[in-house]
Amino acid sequence: MKRISIVFTTGLLVLGLFGTACKSKSGGASSKTGWKYNDKYNGGFQVAKKVKPGAGPGLIAIEGGTFVMGGSLDQDLSYEFDNVRRRVSVASFYMDETEVSNVDWLEYLYDLRQKFPNDRELYYNALPDTLVWRRPLSYNEPYVDNYLRHPAYQDYPVVGVTWEQAVAYSEWRTDHVNEGILRERGILADFKTKTGKGNGQAAGASTASAEPFNTDIYLNGQIRGEGIDGKRMIKDLSPNAQASGTGAKKGAPTRPARLEDGILTPPYRLPSEAEWEYAALALAGNTEYENINDGKIYPWNGLGVRSAKQSTRGLIMANFKRGQGDNMGTGGYLNDKADITAPVKSYIPNDFGLYNMAGNVNEWVRDTYRKLSFEDFEDFNPFRGNQYVNKRLADRNTGVYAKDKYGKPIKDAAPSRKKQSWKELNGAVDSSRNEAIAGKPFNPDMRGFRDTVDAKLYGTTTLVNDQSKVYKGGSWNDRAYWLNPATRRFMQQDESSAEVGFRCAMNMVGTAEINPKGKPQFRQPPSKAAKSLSKR
């Protein structure tokens, strides 16, 4: 089958796409009221130009669709029956082109040390467990000492990270990317001004707040002021806007970026199990006019694990353990070119452009493991693991968020299944009457939703509990069976392994179709309402 290309441009170049979202919609007006947008004389309601932002740095666009989850597993060798076939739909999303590498993690560690130089506990908790390489009857000490930090391994996937550490990295990455976007655009003070080098101060004498950037706190208007605001903040057309000294024209009313401007990226996160399996199979490469011409057992076509192309015939397609005592093949002609892990851009990417979706390292996903989740899943964006939260308010009158010592919003368990009334929000009425199911109080922890097993048995008669997280994909130390995207295993969220790493995902906003070029489309004529409005 021919390989299709539906990959968006990745990397920092796409940041320019986010910038186009805050240009004025010239001549735009409300189709329901007739009032002009972006007019400072009629109230100043601002509407950003409607554009679809590109992927964040490192991500590739994955066009969603329907597929048979568990369908690629033709033989359940372990007799677990925990991924029985069922058809589901996955929304379009973004996913990392590669696994998170050692140099990516070192960047994370460096930034934590710069922002919290005296918090040794935070830094220590972010360190991967390099002792995962140790085996009582194997000499792996060189990996303990060198794998994370030596330049020779900088492009290798980070291992020894727990599910909790992977989630924390995703949160940090969200804030780090968004801060970079705002500083590059001048909406926040640029990097020179932030460090004090752009205004004649001594190096390190920052004029900006020492508090670290957080996307939620910024969007709530809690990160601004002298030395924090940039020189190219967004013009504020509101009649109540206050003049500032940081605008393009000194004294002109300006404001920080809002979610409505389309400048900031959605949060980075771990992919759901369904997203991961869908992205690994990449059946879009075998699809024509909604007809899947050929299924897959692995992320590549064919029934075997070797390349069938003439130029690379016989080469192993992924990094895995071929057999007992055979992790790399024969000296002089290594079968998969790797003894342990391999660089994150190794072998051939699948039809979505994703590298190492089979082999190299297993990868954490977001889902909490249940053996029978396939019976309970929704058929659209299936996922088990929701824990609904609200951001705590420090001041209900102003809507200011309460922050922890790291400048992040404090989150509490959601008290209701729906939007609370104003009286409930302010404690005048007991909101506990809200019920998810008749006769049962609302529970924000949905990890055990529809789970018929007595939770008291978790960890006693079974190893499965609410901290059991799914990982998939097979590793350098696994047999070929585990390279099938439908296989699934689990591990406790605070445990790590030399065979488990991860990659991030991100929600896609806007239309689900990624590459409409050459495909039939309905043409929308101007509406009658628009025509009548233009004649006024």
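This is a predicted model: local features need pLDDT of at least 70, side-chain atom pairs count only at pLDDT 80 or more; totals for chains, interfaces and linings use all residues.
Let me begin with Asp229, which is buried at a relative accessible area of 12%, where buried means under 20% relative accessible area, exposed means over 50%, and partly exposed covers what lies in between, using a 1.4 Å probe and protein chains only. Residues are numbered from 1 along each chain as its sequence is written, and side-chain values use heavy atoms, with hydrogens and water left out.

Asp229 forms a salt bridge with Arg224, with 3.9 Å between the closest N and O atoms, the criterion being a side-chain nitrogen of Lys or Arg within 4 Å of a carboxyl oxygen of Asp or Glu.

Glu499 and Arg135 meet through their side chains at 3.1 Å, N to O. Glu499 sits in the loop between strand E20 (489-492) and strand E21 (500-501), and Arg135 in the loop between helix H3 (120-126) and helix H4 (141-146), so this pair ties together parts that are 364 residues apart in sequence. Here helices (H or I, at least four residues) and strands (E, at least two) are DSSP runs, numbered from the N terminus. Glu499 is buried, with a relative accessible area of 15%, whereas Arg135 is partly exposed at 35%.

A further salt bridge joins Glu211 to Lys403, whose closest N and O atoms are 2.8 Å apart. This pair also links distant parts of the chain, since Glu211 is in the loop between helix H6 (191-195) and helix H7 (215-219) and Lys403 is in the loop between strand E15 (400-401) and strand E16 (411-413), 192 residues apart. Glu211 is partly exposed at 34% relative accessibility, and Lys403 is partly exposed at 32%. There is also a network of salt bridges that links Asp82, Glu273, Glu277, Lys472 and Arg488.

Now to Asp96, which is found in strand E4 (residues 93-96) and is buried, with a relative accessible area of 3%. What does the side chain of Asp96 make a polar contact with? The partner is the side chain of Arg173, at 2.8 Å, a polar contact being a pair of N or O atoms within 3.5 Å, where within protein one must be able to donate a hydrogen and the other to accept it, and residues adjacent in sequence count only if both atoms are side-chain atoms. Leaving aside residues up to four places away in sequence, Asp96 touches Gly58, Leu59, Arg173, Leu354, Arg503 and Cys504, with contact meaning heavy atoms within 4.5 Å.

Turning to helix packing, the axes of helix H2 (residues 102-115) and helix H5 (residues 163-185) come within 11 Å and cross at roughly 70°. On the H2 side, the residues in contact include Trp105, Tyr108 and Lys115, and on the H5 side they include Gln165, Trp172 and Glu179.

Finally, the overall picture: the secondary structure comes to 11 helices and 22 strands, and buried residues make up 46% of the 536 residues.

How values were computed. Axes are lines fitted to C-alpha atoms, for helices over the stretch in contact, and angles run from 0 to 180 degrees between N-to-C directions.
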